[in-house]
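The structure comes first, then my notes.

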Amino acid sequence: MNRVYVCSCFGITDKQVKEHAAAGACTPRQIASATKAGTDCGSCVRTIQGILGRGACPRRELLAKGDAVSVLAAEPEPVRSPELAEAA
(Lines give C-alpha, C1' and ligand atoms only; values in the text may rest on other atoms or scores of the structure.)
Protein backbone atom coordinates (compact mmCIF):
# COMPACT_ATOMS: atom_id res chain seq x y z
CA MET A 1 0.00 0.00 0.00
CA ASN A 2 1.50 3.33 -1.09
CA ARG A 3 0.94 6.29 1.15
CA VAL A 4 1.82 9.72 -0.10
CA TYR A 5 2.16 12.05 2.83
CA VAL A 6 1.07 15.59 2.15
CA CYS A 7 1.65 16.85 5.68
CA SER A 8 4.54 15.19 7.46
CA CYS A 9 3.95 17.23 10.61
CA PHE A 10 0.61 15.51 11.25
CA GLY A 11 0.90 12.43 9.02
CA ILE A 12 -1.89 13.46 6.63
CA THR A 13 -1.99 11.63 3.31
CA ASP A 14 -3.22 12.77 -0.08
CA LYS A 15 -6.02 10.22 0.26
CA GLN A 16 -7.25 11.91 3.45
CA VAL A 17 -7.17 15.35 1.79
CA LYS A 18 -9.14 13.97 -1.18
CA GLU A 19 -11.70 12.36 1.16
CA HIS A 20 -12.26 15.65 2.97
CA ALA A 21 -12.49 17.47 -0.37
CA ALA A 22 -15.11 14.97 -1.52
CA ALA A 23 -17.01 15.65 1.71
CA GLY A 24 -17.12 19.37 0.91
CA ALA A 25 -13.84 20.97 1.98
CA CYS A 26 -12.98 23.51 -0.72
CA THR A 27 -10.01 25.39 0.72
CA PRO A 28 -6.74 24.61 2.49
CA ARG A 29 -8.20 26.32 5.56
CA GLN A 30 -11.12 23.87 5.60
CA ILE A 31 -8.70 20.96 5.21
CA ALA A 32 -6.68 22.40 8.10
CA SER A 33 -9.80 22.60 10.26
CA ALA A 34 -10.54 18.95 9.59
CA THR A 35 -7.02 17.51 9.76
CA LYS A 36 -4.62 20.17 11.14
CA ALA A 37 -2.62 19.81 7.90
CA GLY A 38 -0.91 23.10 7.08
CA THR A 39 -1.14 24.50 10.59
CA ASP A 40 2.39 23.76 11.78
CA CYS A 41 5.21 24.51 9.35
CA GLY A 42 2.91 25.35 6.41
CA SER A 43 5.05 23.70 3.75
CA CYS A 44 2.15 21.47 2.63
CA VAL A 45 -0.35 24.26 1.93
CA ARG A 46 0.59 24.56 -1.75
CA THR A 47 0.38 20.80 -2.16
CA ILE A 48 -3.09 20.85 -0.61
CA GLN A 49 -4.06 23.68 -2.97
CA GLY A 50 -2.84 21.55 -5.86
CA ILE A 51 -4.90 18.56 -4.73
CA LEU A 52 -8.00 20.72 -4.32
CA GLY A 53 -7.33 22.41 -7.63
CA ARG A 54 -10.10 24.40 -9.18
CA GLY A 55 -12.65 21.65 -8.90
CA ALA A 56 -16.36 21.95 -8.31
CA CYS A 57 -16.79 23.81 -5.06
CA PRO A 58 -20.36 24.96 -4.30
CA ARG A 59 -19.20 28.50 -3.56
CA ARG A 60 -17.18 28.67 -6.76
CA GLU A 61 -20.17 27.49 -8.77
CA LEU A 62 -22.34 30.21 -7.24
CA LEU A 63 -19.70 32.86 -7.89
CA ALA A 64 -19.40 31.74 -11.51
CA LYS A 65 -23.16 32.21 -11.89
CA GLY A 66 -22.87 35.68 -10.33
CA ASP A 67 -25.13 34.73 -7.43
CA ALA A 68 -23.34 36.62 -4.67
CA VAL A 69 -26.42 36.53 -2.43
CA SER A 70 -26.34 32.73 -2.38
CA VAL A 71 -22.62 32.78 -1.65
CA LEU A 72 -23.18 35.04 1.33
CA ALA A 73 -26.07 32.86 2.49
CA ALA A 74 -23.85 29.78 2.25
CA GLU A 75 -21.35 31.30 4.69
CA PRO A 76 -21.73 29.78 8.15
CA GLU A 77 -22.53 32.02 11.08
CA PRO A 78 -19.54 32.70 13.34
CA VAL A 79 -19.53 30.69 16.54
CA ARG A 80 -19.64 32.84 19.62
CA SER A 81 -18.91 31.78 23.12
CA PRO A 82 -21.71 32.32 25.65
CA GLU A 83 -19.52 34.85 27.49
CA LEU A 84 -19.20 37.02 24.40
CA ALA A 85 -22.91 36.77 23.63
CA GLU A 86 -23.76 38.01 27.13
CA ALA A 87 -21.34 40.93 26.84
CA ALA A 88 -22.94 42.10 23.57
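This is a predicted model: local features need pLDDT of at least 70, side-chain atom pairs count only at pLDDT 80 or more; totals for chains, interfaces and linings use all residues.

**Helix contact**

I looked up the contact between two helices: Val17, His20 and Ala21 in H1 meet Ile31, Ala34 and Thr35 in H2. Contact here means heavy atoms within 4.5 Å.

Residues are numbered from 1 along each chain as its sequence is written, and side-chain values use heavy atoms, with hydrogens and water left out.

**Geometry**

I noted H1 as residues 14–22 and H2 as residues 28–35, packed at an angle of about 110 degrees with axes 10 Å apart. H1 is therefore roughly perpendicular to H2 (65 to 115 degrees; under 35 is roughly parallel, over 145 roughly antiparallel, the rest oblique). Axes are lines fitted to C-alpha atoms, over the stretch in contact for helices, and angles run from 0 to 180 degrees between N-to-C directions.

**Chain and Thr13**

I read 6 helices and 2 strands in the chain (DSSP runs: helices H or I, at least four residues; strands E, at least two). The pattern along the sequence is β-β-α-α-α-α-α-α.

Thr13 lies in strand E2, residues 12–13. Is Thr13 buried or exposed? Thr13 counts as buried because its relative accessibility is 9% (buried is under 20%, exposed over 50%, partly exposed in between, with a 1.4 Å probe and protein chains only). Leaving out residues up to four places away in sequence, Thr13 touches Arg3, Val4, Tyr5 and Val6. Of the chain's 88 residues, 19% count as buried.
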